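Colleague: Before I use this model, I would like to go through the labels attached to it. Please set each value against its cut-off.

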Amino acid sequence: MRLPSFSKRNETGQSQGLVTISLITSLTLVCMVLVLAWGRANHNQEAELFDGNRLVAAASSELLAQSRLLKDSVEEMLDGHAPPETARSTFQNIFLLDLTDGVSAARLPPFAAPEAFEDFKAGAIGVLGPIRGQLTSGLRGAVGSDTGNGAGQGLAKTISGSSNFIMTDRGGFAVSIVPLSEAGRLGLPMTDARNRMYAVFAVRPIADTFLTRIARNSGVATLSLVKAPSTDPAASDVPIGADGQDVFLEWRADRPGDRLLGNIGSMLVSFAALFAGLLAYRSTLKLADAELTATRLAGQDALSGIPNRLLFTRVLDNAIGHAQRGGRGFALLYLDLDRFKSVNDTFGHDVGDKMIIAVAQRLQAKLRATDMVARFGGDEFAILQSGVGSPADCEVLAERLLATLREPFDLDGEEALIGCSIGISICPRDSSDREVLMRCADLALYNAKRAGRNRFAFFESALSDQVEARRSTEEDLRIAIENGGLELYYQPIVSVDGRKLLAVESLVRWRHPTKGLIPPSDFIGLAEKRGLILQLGEWVMRRACEDARQWPGIRVAVNVSAIQFRHPGFVGVVQKILNETGFDPTRLELELTETVIVEDADGAENAMFDLRAMGVRLALDDFGTGYSSLIYLRRFAFDKIKIDKSFLESMEATGESAIIVHSVVHLGRSLGLTVVAEGVETSEQHRFLQALGAHELQGYMFSKPVQPSEISRICAYGGVMPEPRPLDQVGDEEVTERLAGAA
Ligand code: C2E
Ligand code: CA
Ligand code: CA
């Protein structure tokens with residue numbers, strides 16, 4: 001209908017030139033309309049994804065703030081105070097839930113009456129999911145009556161909870177749940193409080209002001225909470241409920257594509273509108289971005305300020321949903337710095353921290369507003385690149401990211417070079433399942449590193465066998481942990497003359513149905529990565545305490561992974577195992593590595609204090625391989641250091657190691673610590689350690705790790721060890737046999 005104005009010109013102007021110009025203009029216009037129609041759909045989709053991401057971020061931020069408010073309020077309440085004013089004005093009700101058998105509200109002022117809980121019961125069960133792990137690993141079971149001696153001090157009164165949206169017959173609610181730890185339960189004036197599992201549950205009706213705030217913070221208009229996505233094509237939805245809960249945020253999507261098309265009145269106007277529209281769109285993105293930054297805080301990585309894993313996975317879920325509803329796909333990039341550890345070791349942690357911040361900034365500078373970069377922890381980053389259909393779409397970005405991190409970093413005048421490796425998976429090409437996509441990116445990253453680092457690699461379907469194999473290994477391990485597929489071996493730790501059994505170190509093995517006996521180096525890392533280490537560690541400790549009960553006077557050492565030690569329920573778990581097995585705490589030794597301390601020194605110090613108060617002894621394992629700061633030895637209450645076997649291994653080759661061993665033994669002795677050397681294989685090493693004054697020895701020369709029956713046998717001989725057999729004095733065959741048996 002706008003074309004006639006041009007044909008009129010055609011009638012008035014008689015020259016050929018005008019006809020040609022008109023034709024060209026008309027053709028251009030037709031092309032433009034086509035391009036615009038295509039661009040409109042594209043723009044609308046991108047805008048919808050972008051809005052959805054911002055909404056998820058703003059809503060997560062509200063929920064996290066709410067969790068914190070409840071946690072603080074619960075602490076006040078346990079101290080005997082009324083809930084603070086902000087909690088009273090925010091929450092409609094706060095219930096005390098008894099989770100011992102099912103979920104029910106308990107009657108206890110100042111908590112709300114149980115009757116009012118019925119409306120929320122179904123929703124509460126839905127939001128319990130994320131904290132179930134905390135409840136079962138950290139809080140299960142009773143606390144014995146002899147723990148009132150301050151042993152529980154290291155436990156926070158409450159541990160982190162979870163919040164989510166639920167829909168009830170009475171409308172939408174934002175609910176939070178915070179489990180009560182052992183120490184928290186002790187504050188409850190109930191006779192059997194110690195034997196039960198409790199959590200505090202608070203409900204907050206979704207008022208218009210709440211939704212308006214989320215809408216404002218994410219730059220969308222007319223936001224509502226609904227139980228089912230609307231069929232209205234003008235409405236957009238994003239799921240935000242807990243697993244299995246149908247709750248959606250619904251909004252009128254800003255459709256920049258429609259706006260652009262609607263504004264085309266004439267060719268001139270259309271050009272103007274196109275540019276103006278694009279510019280306006282870009283600037284709203286920027287503005288909204290600034291607001292988003294303010295609301296992100298809760299989903300932010302504390303060090304670098306970019307989104308953290310929690311926020312990233314939520315946005316990832318939104319992008320997957322978007323792709324599943326017919327939107328464009330995206331790429332997931334996993335990025336790992338190549339030489340970060342050496343920067344940390346060479347320049348120290350402060351410089352390492354600056355490096356992480358600088359890396360985050362450089363990465364962010366290379367992304368569009370619709371992309372997102374997050375820090376997953378350590379030197380790991382993840383990027384979501386939107387609007388990707390095929391690998392070619394993200395090669396350019398991957399190259400750019402590699403290039404920007406190859407540039408030297410100037411850190412306090414020191415020039416540092418790093419670089420990175422990138423693994424990429426594409427949704428929906430590789431999968432539309434979050435876990436699978438992440439695993440694909442992880443595998444691609446592994447391949448990029450294996451191919452020599454400083455490069456990117458795509459996930460290839462040929463690798464899916466490997467993914468499958470890994471997944472099945474994980475599944476096998478889970479089954480093994482649950483169904484008794486693990487075995488515990490024990491390696492003697494002997495007196496310095498090698499004659500007397502003093503202690504044993506428990507070392508776990510996995511008896512795989514088809515692959516045979518698997519050494520811990522092949523599965524401890526996997527267990528840590530896949531969240532199985534808590535269960536594994538608990539099994540090991542319980543079994544070690546049970547087995548060692550039959551070995552009077554012999555101490556038992558248990559290796560504790562950093563993840564396990566940092567878990568807020570760890571001290572409670574140790575206490576529980578000691579209570580349940582009746583094992584003497586002074587015979588239990590925990591072997592910790594320096595990584596335990598490095599990341600959270602205060603938390604570690606508290607936990608160590610509590611453990612020592614129980615009588616448990618603490619050994620610093622692998623001394624000499626990590627940061628090995630003498631400060632740790634002074635500040636932290638270790639009883640013992642174990643000199644890493646790598647020093648003994650290289651001692652004969654390089655005189656330097658011998659000097660280190662020499663000074664470590666002297667240092668340990670002068671600090672009043674027991675010094676143990678591990679990995680003693682030859683009589684020369686033995687003589688050297690004897691001369692230096694090491695207190696205890698461990699190594700194949702005295703015994704490889706053996707089954708418990710073997711330790712019982714030695715105990716039956718009064719703890720007298722068989723004759724030491726240095727590896728340099730036995731035949732090669734026997735060495736091979738002994739080494740093989742050790743695994
Ligand atoms: P680690 O704590 O340093 O344990 C000592 C390792 O050195 C054991 O390997 C032991 O078999 C080996 N070893 C002992 N004497 C000698 C020797 O004379 N020469 C040589 N070359 N090696 C010797 P294993 O059993 O394969 O354990 C490897 C690592 O796996 C352990 O290192 C520990 O970090 C971890 N690990 C083992 N069991 C557990 C567990 O229950 N929980 C956790 N978190 N980690 C465990
Ligand atoms: Ca150890
Ligand atoms: Ca060790």
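What follows is a dialogue about those labels.

Modeller: This is a predicted model, in which local features need pLDDT of at least 70, side-chain atom pairs count only at pLDDT 80 or more, and totals for chains, interfaces and linings use all residues. Residues are numbered from 1 along each chain as its sequence is written, chains are lettered from A and ligands numbered from 1 in the order in which they are written, and side-chain values use heavy atoms, with hydrogens and water left out.

Colleague: Why is Asp621 called buried?

Modeller: Buried means under 20% relative accessible area, exposed means over 50%, and partly exposed is in between (1.4 Å probe, protein chains only). Asp621 has 6% relative accessibility, so Asp621 counts as buried.

Colleague: And what makes Asp622 buried or exposed, or something in between?

Modeller: The relative accessible area of Asp622 is 25%, so Asp622 is partly exposed.

Colleague: Which atoms are the protein donors of the calcium ion (ligand 2)?

Modeller: Donors are N, O and S atoms within 2.8 Å of the metal (3.2 Å for Na, K and Ca); water is not among the atoms, so sites may look incomplete. For the calcium ion (ligand 2), Glu505 (OE), Asn559 (OD1), Glu591 (OE) and Asp621 (OD) lie 2.1 to 2.3 Å from the ion. Along the chain these donors have the spacing E-x53-N-x31-E-x29-D.

Colleague: What are the protein donors of the calcium ion (ligand 3)?

Modeller: Asp621 (OD), Asp622 (OD), Glu678 (OE) and Glu678 (OE), at 2.1 to 2.9 Å from the calcium ion (ligand 3). Their spacing is D-D-x55-E. The calcium ion (ligand 2) and the calcium ion (ligand 3) are 3.8 Å apart, and Asp621 coordinates both. The pair links distant parts of the chain, with Glu505 in strand β17 (residues 501–512) and Asp621 in strand β21 (residues 617–623), 116 residues apart. Helices (H or I, at least four residues) and strands (E, at least two) are DSSP runs, numbered from the N terminus.

Colleague: What makes a set of residues a nonpolar core?

Modeller: The members are buried Ala, Val, Leu, Ile, Met, Phe, Trp, Tyr and Cys residues joined through side-chain atoms within 4.5 Å. The largest has 79 residues, of which Leu486, Phe565, Val574, Leu588, Leu590, Leu611 and Val661 touch the most other members. Helix α17 (residues 533–548) gives the most to this core, with 8 residues. A second, separate core of 34 residues includes Met355, Val359, Ala398 and Leu405.

Colleague: How does the span of α17 stand against the expected value?

Modeller: The expected span is 1.5 Å times one less than the number of residues. With 16 residues, α17 reaches 22 Å from its first C-alpha to its last, close to the 22 Å expected. Its buried residues include Ile533, Leu536, Trp539 and Val540.

Colleague: How many disulfides does the structure hold?

Modeller: A disulfide is a pair of cysteine sulfur atoms within 2.5 Å, and the structure holds 0. Cys394, at 0% relative accessibility, therefore counts as buried. Cys440 has a relative accessible area of 2%, so Cys440 is buried too.
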